[in-house]
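Subject: Structure for your review

Dear colleague,

Please find the structure below, together with its sequence. I would be grateful if you could read the notes that follow it with the model open.

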Amino acid sequence: MIPPFDYIIPETLEEACNILWEAGKGVGVIAGGTDLVIGLRNGDHSPRLLIDITRIPELRKIEEQDGRILIGAAVTHSEIVSSPLLKKYGKILSDAASVIGSPQIRNLGTIGGNIVNASPAADSLPPLMVLNAVGKIVSREGAREAPLDQLFKGPYETNLKPHEILVHIGFEKLSSVMRSSFIRLARREAMAIARMSMAVVLRIERSSNLIKDIRISPGAVMPRPQRMPEVEDFLKGKSPDEAILKTASQKVSGVMVLTSGVRSSTPYKAPVVEALFLRAMRSCLEDRG
Amino acid sequence: MRRQVGANIPKVDGLEKVLGEVRYGADLPAKEPLCLKVVRSPKSHAKIVRIEMDEALRIPGVERVFTAKDIPGKNLVGTITKDQPILCSDRVRYIGDPVALVAAKTSEAAEAAANKVVVVYEDLPALNHPEEALKLNGPLIHDKGNLLFEFHVIKGDVQKGLRESHLIIEKTYQTTWVDHAYLEPDAGISFLDEKERVTVVCPTQNVHYDQKEVASVLGLSLDQVRIIQCATGGGFGGRLDITIQCLLALAVFHLKKPVKIVYSREEVFQVTSKRHPLTIRYKSGVKEDGTLIAVEVEILGDTGAYASYGPTVCIRSAVHATGPYLIPNVKVRSRMVYTNNSWSGAMRGFGVPQMAFAHESQMDLLAQALKIDPLEFRLKNCLRNGSETATGQTLMTSVGIGETLRKVKECRDKANHSREDPKRPFIKRGVGVGSMWYGIGNTGIANPSTAQMEIDPNGEVRLYIGVADIGQGSDTVLLQIASEGLGIPLKEIRVIRADTALTTDAGATSASRQTYISGNAILDAINYLKQEAIKEAGPLLNMDEKDLFYEEGKVKARTCLTTSLPVREVARRSGKVIKGEGSFDPETTRLDSKTGQGAPYATYAFATHLAEVEVDTETGKVRVNRVVASHDVGRAIHPKNVIGQITGGVAMGMGFALMEEYVPGGTTSFVNYLIPTSKDVPEVIPILVEENEPSGPFGAKGVGEPALIPCAPAILNAITDAIGERIYHLPANLERVLETVRKKKAGNSNH
C-alpha cells in the first residue's frame, strides 16, 4: 500500500527548483518511476510530495552542442535507443539502453532516473562512465557540473543534495576512430537485472597499432560505477595482442576483488569478468576492420 | 455432423479471454465488500505468546480482527493429512504462517490494521534440512514426529541384481523449491447467497474439496456451503490446496456481509505451496549387453511446515522411480519429512519431474559407460505391451514409449548438429534426450468423476460437470466428447461447471486425469441418456424399445430406415427432461504398504524430449535452441490443445532445468524468481504419438503433466553432451554450469 502524497508537475526548471527549495524535507523527484514506485510500495520511502519532472522541456531533449551530446535527464531509454544522434556518436549507450528490462520499462524509465538511483547493476552507467559523461545539476543556489565518477558515493547513493535536480548528462561525441563495446550477461534474455556487464572504449593508433586511449567500466561487480585506471594505464601505449589482453583481464578481476572484497560470488565473477572484458576488447578490435 | 474428436475447434473460452471480458478473482463484483488482510508470521518456528489487537481495532474502518479462537469448526485442513491451521493458535511453523485476519471497509484500512496487530512470539529452534529433522531427540514440528510418510517399492532381489551387474553407477541428485507462477495472484469474494449458504467464488482446481474443507472449518454441513470456481489463470497444482477459501468463508460466517480478498504476488510467493525439493540417491546395475537389471533408489523429500500432498509425492516418486524401463530387481525407499521451510505441495508431476532428472541422468551415464547410443540404450530397455512395471503391473496396451523414442531418433539422425561455433570459440553445443512415464489419475486409490447430461423439452442440451477448467482446456475437450457422444453439435450444448450447488464431484483438475476420467464419466452419462431417450421414443414412434437404437442425435428404428426421431424432438414431444447420470472410476488396485506392489493406475502416458543446447563455457549461460517433444497421449481429442500443453510444458521444464529456484525466506517476487520469457523459450517441435487406450474416451489418455517431465532431463543431458561433465543439482544456473565447466577443465589438465 502506498501512503498518500501530493503530486506536482512543474512546467519549467525554475518552478521545479523553487518547489524543491521551499518544500524542504520529505520531497521526492519522480520521472519514469520504474525504481521509485517499487520503493513506495515496499515502504522504503514515504514522501509527502512528489515532483514530476517529465514536462520540463530542458529535461526532455537529446541535442548536439559544441561537439558534445546532451541528453535530458527525463529522456526515456526507448528514446535513447531510437535516437540517430546517439547511434552515431554514443552507440555504446544506445546498445545498453536497448537491453534494459522490457519495452514497458524502457518506455517509462529515464536515463536521469537510472543515474540518480545509482544501482550497482544499472545498465546505462558503465557506458556513461567510459564516455566520460558529466552531469549538469541545478538548484536555486545555481548550477554545477558533476563528472559522473564523482557523483556516486556507494550502492544506491549519490551526493546529489535534496534540493538539486539533474538536468542533463553530456559527453564528447565519440569520434569515428574510437571503438566501443558493451557486453551484458543476465540469467535470462529479457526482464532481468544484469548479472554482470562490461563497457569499453578503445582507440588504436593506426600507424603504430598501439593503444592510445582505453576506458574500462564493468557493471554489477563493484559497489558503485567505476573506471579501472590501473588497467587502463597498463594498456596505454601497448600493442593489443592476446598476451597483453590476458594480463589486462587478470588485472580487471584483481581490481574487482580489491574493490569489492572476496565474496561468495567471487569464484564465479572473477573468471567471468575477465571473459567479458576480453570479449569487449575483441569486439572493439574486430570492429576496427 | 462433423467429427468433433480430433478437431481443432476454437477453445470455447478463447474469445472472452482475448477480449479481456473474463473476470478473474480480483475482478469479481461484490456489493460493498469488506476487505480482508492476513497477519503473518515473520518467524519460521515460534510459540505464539499473545496477540494484541486493540490498536488495530482503533483504526477507522476496521470491522473485526479474527484469530484462531473465532474458528467454529475444525481449525485444520489438508488434502490427506489435516495438519494445517487456517489461523495458527499456539505456534507458527514457517515464515508466512497466518496468525490473524483483519476485515475492514477499505484495503488500506485492512493493511494498516494488519500492521498494527502485535503478535508476541517465543522462538523455537527451526529445522531447515530433512536430515536434521530426522535426528532422534530433536525438536518436533508436529507432535506425531517429523517423518510425515515413508513408502517402499520392492520387486525381485535388488542385491542379487546388483551382484550380477556388469556395471553399477551410483549418484546423488538434488532438486530445489519451485513456484507455480500461475498467472494471477489468488483473489476472490464470499457472500451469503439467496439460500443463506456461505458462498465462495475463487480460483481453484477442485470446488468439491474446497466445499468439504470450508464446511469442516465452519462446522457447517456441506449443503450450507457453496463454492463456485471463477476464471482461473492456471494452477499447476498450486490451487489444489486451500488458499483463500476458508479465510473468506470465516469472515462471511461471522460478519454476514460480502467480503473480498486479493493477495499480492509477494504474498503468493510466500504462502502458497512449492515443488518438493528431493534428494535422490540412485544406484543402477546393468548387464554387459546393456540390459538393465537392478535399481536401488533412496528418496528424501522436504515437505516443509505442512503435509499437503507430501504423501502423494512420496508414493508417486517411488512408483515412477525406474522411469519407463523394464527392470526386474527394484528397491526404492522414499521418505517425506517436515521442516520449517515453506510448505511443499502438488506441482505438475507430483515428484515425477524430479525423478526423471535422476533416472534419465543415470540412463545417459550407463549408456556412455557402455559406449551405447543413449537412444538405442533406452529403446533396448523401455517398457512394451505386455511388460511388467516395478509395482508388478502388467501393461497390456497403449505403451507408446518405444514409438516416442523412435520418432525422436528419426529427428536426431536427420539433423546435422555442429558442436562448435567458429565465430564464438567459447560456445559448445550438445544434444540430449529425456524420457518419462506418467500414471494417469490418483495413485492406487479411488478417484471417480461424475457427470450429468440432459435435454429439456425446450430443446436445451446441458452438460453438468464439476471439473475446474483452469486454462488447460477441459471445457472445450469435455464438450467435444459430449458432442461426439451425443451426436449434437458442440455449439448447441451448454456446459455448467465447477459450482458445488449445480454440479457433482468430478475430483481435482490434477494428475492429468480430467480428459480420461471425466471424459469417461460423460460418456457413461450419455449412455444412460440414450437409454432414456429410447424408452421415451417408443410410444411416440409406436414401436417397441428393443427395435430402436440411438445414432447421430436421433432415435432410429432397426427395421425401417425412414423412421427416426431427433432426441430433442423426443424431449419436446414427451414433455420430459431426457437425462443421464454417469460416473467413472479407473480400475486400480491399492498398493501393498510394505512392497508397493499393485496396479496403481489404469493407464500411463509416455514421452521423450530431445533438446539442443549451446553452452557459453566462459559465463555458464545455456541457451536452448530446439526441443523435439514426442508424446504418447492416446487419442488427441484436440490436437492443438495438446500441442499447447506440450509447448507450455517445455517452457516450464526449461525454467526447472536452468533458472527457477525459490529460497524460503529469500525469494520475494518475480524480481528474484526468474521464469523463462518468450525470448528464452526454444523452438518446439511437437510430435503426437497416438497409441489408442481402449479404456479412454475415444482412446484418450492425458498430457498435462507429461508435457513438462522429460524436458529438464533432456536439457541436462544436452548440457553434459556439450561440456563433457554432468550437473547433479538443479537448477543448472550460471554459477553451477561454469563451476562444472571449470571442474572438467581442471580434471583434463590433471591427466
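Predicted model: local features only at pLDDT ≥ 70, side-chain atom pairs only at ≥ 80, totals over all residues.

Residues are numbered from 1 along each chain as its sequence is written, and chains are lettered from A and ligands numbered from 1 in the order in which they are written.

Between the chains, 12 residues of chain A are in contact with 15 residues of chain B (C-beta atoms, placed from the backbone, within 7 Å). Helix α12 (residues 266-287) of chain A contributes the most to this side of chain A, with three residues; helices are DSSP runs of H or I with at least four residues, numbered from the N terminus.

The domain assignment, automatic or from a database, divides chain B into domain 1 (32-124), domain 2 (278-442 + 592-750) and domain 3 (444-584). The C-alpha centres of domains 2 and 3 of chain B are 38 Å apart. Their contact involves 23 residues from domain 2 and 20 residues from domain 3.

In helix α17 (residues 711-723) of chain B, 13 of the 13 residues are buried, so the helix is largely enclosed by the rest of the structure (buried: 20 or more other C-beta atoms within 10 Å of the residue's own, with C-beta atoms placed from the backbone). Gly724(B) follows α17(B) and has a positive phi, near 80 degrees.

Yours sincerely

Definitions and conventions
Contact = placed C-beta atoms within 7 Å. Helix = DSSP H or I, 4+ residues; strand = E, 2+ residues; numbered from the N terminus. Buried ≥ 20, exposed ≤ 12 C-beta atoms within 10 Å, placed from the backbone.
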